[in-house]
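Please open the structure in your viewer and keep the selection tool at hand.

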Amino acid sequence: MAKKKKKDPEIVPRGESTSHLSGMYQDWFLDYASYVILERAIPAFEDGLKPVQRRILHALKTMDDGRFHKVANVIGQTMQYHPHGDQAIGDALVNLGQKDLLIETQGNWGDVRTGDRAAAPRYIEARLSKFALEVAFNKEITEWQLSYDGRKSEPIHLPMKFPLILAQGVEGIAVGLATKILPHNFNELCKASIQNLKGRTVKVYPDFPTGGVMDCSDYQQGIRGGKIKVRADIEVVDRKTIAVRSVPYGTTTTSLIDSIVKANDKGKIKIKKVVDNTAKDVEVLITLHAGASPELTVDALYAFTDCEISISPNCCVIIDDKPVFIPVNELLRMSTEHTRELLKRELEIKLGELEDKWHFSSLEKIFIENRIYRRIEESETWESVISEIDQGLEPFKKLFKREITEEDITRLTEIRIKRISKYDSFKADEAIKRLEDQIKEIKHNLKHLTDYAIAYFERLMEKYGKDRQRKTVIKEFDTIQVKAVATANRKLYVNRKEGFVGYGLKKDEFIAEVSDVDDVIAFTKKGTCMVTRVGDKAFVGKDIIHVDVWQKGNDRMVYNMIYSSPKEGKNYAKRFAITAITRDKPIDLVKGDPKAKVIHFSANPNGEAEEISIRLSPNCKAKKKIFDYSFADLDVKGRASKGNIVSRWPISKVTVTSEGESTLGGINVWFDTKYGKLANTETGRFLGAFEAEDKIISIYKDGTYMISNIDTTTRYDVDKLMCIEKYDPEMVVGAVYWNADKKAFYVKRFVIETNSIAQRYSFIDDSPKSVLSAVSLADEATVQYKLKKKSGEAKEITFSLENFVAVKGWKSIGNKLGGSQIKGISVIEEKKVQKDATSIKPSASETIEGGKKVKGRGMIWDLEGDEDDKEGKLF
């Protein structure tokens, strides 16, 4: 049986298909993109709202009767205008309600801090706020359009008389572009608008409802390319506990805790426990392991968790049906001008209404008082009625501001006889006078429109801005060195013979605990070295003689080396530092001699120069075969230097006879008052030159002191700090403090007797209301205060600390100075008997912001103690 032939497939002409796809892309996709940009994602400049938000507010306005409405009903009402699902409307409504500006809420609306969602729409209620009713609605100046199905009318834009787009902030993703405008402070926007109206240029910065601390040095007024950093408020409760008091904008306590746990699991931070106690205020408690540094952990939280985030703004709005990227200050200026124009239109409309009222009131008065209505008694037709009244008004037409129309005359014929019979001419005159006063006032406002707009913003601030203080603190952040705060979560091993280093060589020699971000430097017997990132296993060269963690820019780490150069037949000694390298690239330390050999090597963290004994080969012809050599005689040079000749004869043995001392001198240390950290650069206040064993003493307003090591990662709370200096075990601390229990000021002098490092000790009474008024670490100090007499006069009194009270124990109460009649305690003069020798001459000390400038080392803080406030006031 013959097989049936398969039917050839139908071939579609290529031209038709290509034309169809091209049309789809050019028309349908572009239409879709335009729709998403204009109708979904990007807010309009005029009112700062997306279409769904505008429709929600319009629906609430149509429902407004002063009472709360179920959100489910609001969603249903909005669906008459919005051609999308109830879920999108509900989410947008909750988002508006959580911003706490246009909508008053009732019920569980969720929490932006914790990420908790709002309750179901049937359980929560909403209504327009008084602020929204005042600034967002006026049907007389609103442009209208038909809804998507043609059954209802909806506003094209709401007449928003406020820069709402900047107050609320907005975020949206469209096709091909996106917008991210950050929220700003209500009162600051009003003040900035006032300044704009006065012709001044101002800058505004974001303010987040979640609070926190913000660095907006790179904000760039919200345009593309700008960036701000936001940090959570973190408080060191004690040496074992850290409390997070706020969350960065855009994060929640849940996501924050997840990031902390994740960083702990990866070994980047080490914590014992984290607990979320958030209720009215945010509180996330972090418990540390014993011995962990809370200050270092705080920096690590900022470096490795969501306690610090970066936000990239992108200010984009719809202007004239087009998306426009615009700086925030320019957007504010345009919004302010738009508000001014809306106020002008409202005044013009109100002026027209008042002039119409005045026109008809005056017309009515003349019509009744002159009994013009009697002229129509004989009229038989409507035309004759109109004509008689018009003729009766003829003598008075010149008194009116506009022409009397037939419509005006018709309104006169509609006046009831009862009103004519009870017409009170005196009351009519008063009403007309009030209308004239109102017209005069509005004309004045129109003539001085800018002043009227300024008064409008001032009224908004007074009426609605009382509880809208800034929540986010603006502060410039210091750069956290990731390597300095990274937790040592790896164990570094080395195979010296084969030349491998890494944390995967667990059967080989242990070197140290390191972190994932550390760099390792290794030196070989052939006179080469290499720096590589910590990894599982890395080859750095055979016959390794030294391995350690390498720190970029550390010029105090000095390497001392003696090597033989068979090529030249000499032995060389050199001292060098390695401050910059190219990773994974061998560095030659012996001038390219392939047969060179390192005879002696040492790594010295503080530039120590050891003394050694050199034994030459017994077969050499040298007369002196054993001699001493000191590296202190060598200068520290670059790693490429050849070094100095030690001997021309072969060396058989090198023995270290003395570790030696540092040849680099003390480290000059400054205190950076801006960031509250110690610095090795000339930033802030110079503290002195420090040797390795020197310490720092810091004294705080709560009457505590702390002794600490020199560590640039330690953070000092500048707001609570009274004094920070180089610690001298023999120094005498002089202090004046308010004893809240005894309700009096006391003076004491004492010597530090504790030895613990990085631990706070209180030297005043334990009452939480007691506070340190003034402190001095100088050998001699003069204190001044004002004594308030019964007559109200204040007498200035000065006294010497060393003459007022003797040096006693650090737990002593001290001598009583006086009660709450004492004001303005301050140290006015200090003197050191013997100055410390430093490599840089320190200038006179300056107090941290808030204190006074005094000579010497002490810092003072004024305190005012009143009968009404026994705690005292810092000023």
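In which sense do strand 15 and strand 16 pair, and over how many bridges? Select residues 316-319 for strand 15 and residues 322-325 for strand 16: the pairing is antiparallel, over 4 bridges. Strands pair if DSSP finds at least two bridges between them; helices (H or I, at least four residues) and strands (E, at least two) are DSSP runs numbered from the N terminus.

This is a predicted model, in which local features need pLDDT of at least 70 and side-chain atom pairs count only at pLDDT 80 or more, while totals for chains, interfaces and linings use all residues. Residues are numbered from 1 along each chain as its sequence is written, and side-chain values use heavy atoms, with hydrogens and water left out.

Select next strand 6 (residues 170-173) and strand 7 (residues 178-181). These strands run antiparallel and are joined by 4 bridges; Glu 171 has Lys 180 as its bridge partner in strand 7. The hairpin has 4 residues between the strands, and Gly 176 takes a positive phi near 90° there.

Move to helix 3, residues 71-78, and select its buried residues: Val 71, Val 74, Ile 75 and Thr 78. They lie on the same side of helix 3, because they cover an arc of only 100° around the axis, taken from the directions from the helix axis to the C-beta atoms. Helix 2 (51-63) and helix 4 (86-98) are among the elements that cover them.

Now select Thr 339 in helix 10 (residues 328-369). Thr 339 is buried, with a relative accessible area of 1%. Leaving aside neighbours within four places in sequence, its contacts (heavy atoms within 4.5 Å) are Met 160, Lys 161, Phe 162, Tyr 456 and Phe 457.

Finally, select Leu 460. Not counting residues up to four places away in sequence, Leu 460 touches several residues, including Phe 131, Phe 162 and Cys 190.

Note on methods. Buried < 20%, exposed > 50% of the residue type's maximum accessible area, 1.4 Å probe, protein only.
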